[in-house]
Amino acid sequence: MSSPPESSWIFLNGRWVPREEARLSVFDHGFLCGDGVFETLRAYQGCVLWLERHLERLMRSCARIQLPSPIAITRWPSLLAELLARNGLSDAMIRITLSRGVGDWGLDPSLCSRPTVVALAKPVPPYSTVRKHGVQLEIATIRRTAPEAQPPEVKSISLLNNILAKQDALKVGAFDALMLNKDDLVAECSTSNVFFVEDGVLHTPARECGILDGITRGAVIDVARAHGMPVREGYYALDRLLAAEECFLTNTGIEIMPVRQIGDCRIGAVCPGPVTRCLQTWFAMAVHRYLSSQPEPGR
Ligand code: PMP
């Protein structure tokens, strides 16, 4: 296995199960139909960053697909603390998955009586080296699913659209694939939001472009505005991005990842550029502020 070892203790339907013994039914509608939602979180020094925002998004995803969560939102802080402790991790990636549960095959959600709940943790991949030099993006041949087809605010486990884009990137050895929407406007990457800098203004595609409203995206917008940097959420053709002074990606794992090349086009004169560096510093300060504001027992 090439990826880092995942948690040896897994939270599965209310029980703590060793990794080797964690099993799901072939009749789980997560497997049969991709019917479910998930959330990816990150712990720093044993404290889950912006936990409330992640849990609120998880609950919104559940509500939108009418999936009643068997775990009350108030139970997650202690469950995740236990997940980290059992796995001996303090800096970690965490994934919570809720599927419709087990039932006869078919699309009807009422075939399933109880949702499946899983929580996993693993070490954070070493992003710091690649962050120093920036990454290359490929322009995906596949378009981002239209919001009218599948609401992007639902963090769905049906990720085929994103996987097809990722395959485009992997084919050419790129870090990720940039996805346009059906109107030829820049949307996002397969697992991250995209930002660019033009004349000192920070730009990012509006939610209406069909993106997942990333927690990191929101945090970057907040820190930029708090420091007086102008931010626009708008509608952008690919040309605008290719001509940008700087470009970077955001998500919970990579935080702020500079982009040095999109397709054949180099972005900006230096990578990371000065605005990206500034935002990385402000972001690190915001993370530190959040961690310091959390009570020790919850950590
Ligand atoms: N867009 C997509 C498609 C994603 O899968 C992710 C990762 N969850 C993001 C954006 C970034 O979201 P976040 O900052 O909440 O990790």
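Reply: One term before we start: helices (H or I, at least four residues) and strands (E, at least two) are DSSP runs, numbered from the N terminus. This is a predicted model, where local features need pLDDT of at least 70, side-chain atom pairs count only at pLDDT 80 or more, and totals for chains, interfaces and linings use all residues. Residues are numbered from 1 along each chain as its sequence is written, and side-chain values use heavy atoms, with hydrogens and water left out.

Me: Which element gives the largest share of the lining of the largest pocket?

Reply: On a 1 Å grid over the protein atoms alone, a pocket is an open set of points with protein on both sides within 12 Å along at least five of seven lines, a cavity is a set where a 1.4 Å probe fits but cannot get out, and lining residues have an atom within 4 Å of a point. Elements that each supply at least two residues to the pocket lining include strand 3, strand 9 (186-189) and strand 13. The largest share, four residues, comes from helix 5.

Me: How much space lies in the largest pocket?

Reply: A volume here is the space filled by probe spheres set on the points, with grid points joined across faces, edges and corners. By that rule, the largest pocket holds about 1,200 Å³.
Of its 47 lining residues, the closest to the centre are Phe-38, Thr-40, Lys-155, Thr-191 and Asn-251.

Me: How many charged residues are in the lining of the largest pocket?

Reply: Ala, Val, Leu, Ile, Met, Phe, Trp, Tyr, Cys and Pro count as nonpolar, Asp, Glu, Lys and Arg as charged, and the others, Gly among them, as polar. The pocket lining has 18 nonpolar and 19 polar residues, and the charged ones come to ten.

Me: Which residues are closest to the ligand?

Reply: A residue is near a molecule if one of its heavy atoms lies within 4 Å of it. There are 17 residues around the ligand, and the closest are Lys-155, Glu-188, Ile-215, Thr-216 and Thr-252.

Me: How far is a nitrogen atom of the ligand from the side chain of Lys-155?

Reply: A polar contact is a pair of N or O atoms within 3.5 Å; within protein, one must be able to donate a hydrogen and the other to accept it, and residues adjacent in sequence count only if both atoms are side-chain atoms. For oxygen atoms of the ligand, an N or O atom in the side chain of Thr-216 is at 2.6 Å, and one in the side chain of Thr-252 is at 2.6 Å. For a ligand nitrogen and an N or O atom of the Lys-155 side chain, the distance is 2.5 Å.

Me: What is the volume of the largest cavity?

Reply: The count comes to two cavities of 30 Å³ or more. Among the residues lining the largest one are Arg-42, Trp-50, Thr-252 and Phe-283. Its volume is about 60 Å³.

Me: Is Thr-204 buried or exposed?

Reply: Buried means under 20% relative accessible area, exposed over 50%, partly exposed in between (1.4 Å probe, protein chains only). Thr-204 sits in strand 11 (residues 201-205), and a polar atom of its side chain lies 2.6 Å from the backbone oxygen of Val-194. Its relative accessible area is 1%, so Thr-204 is buried.
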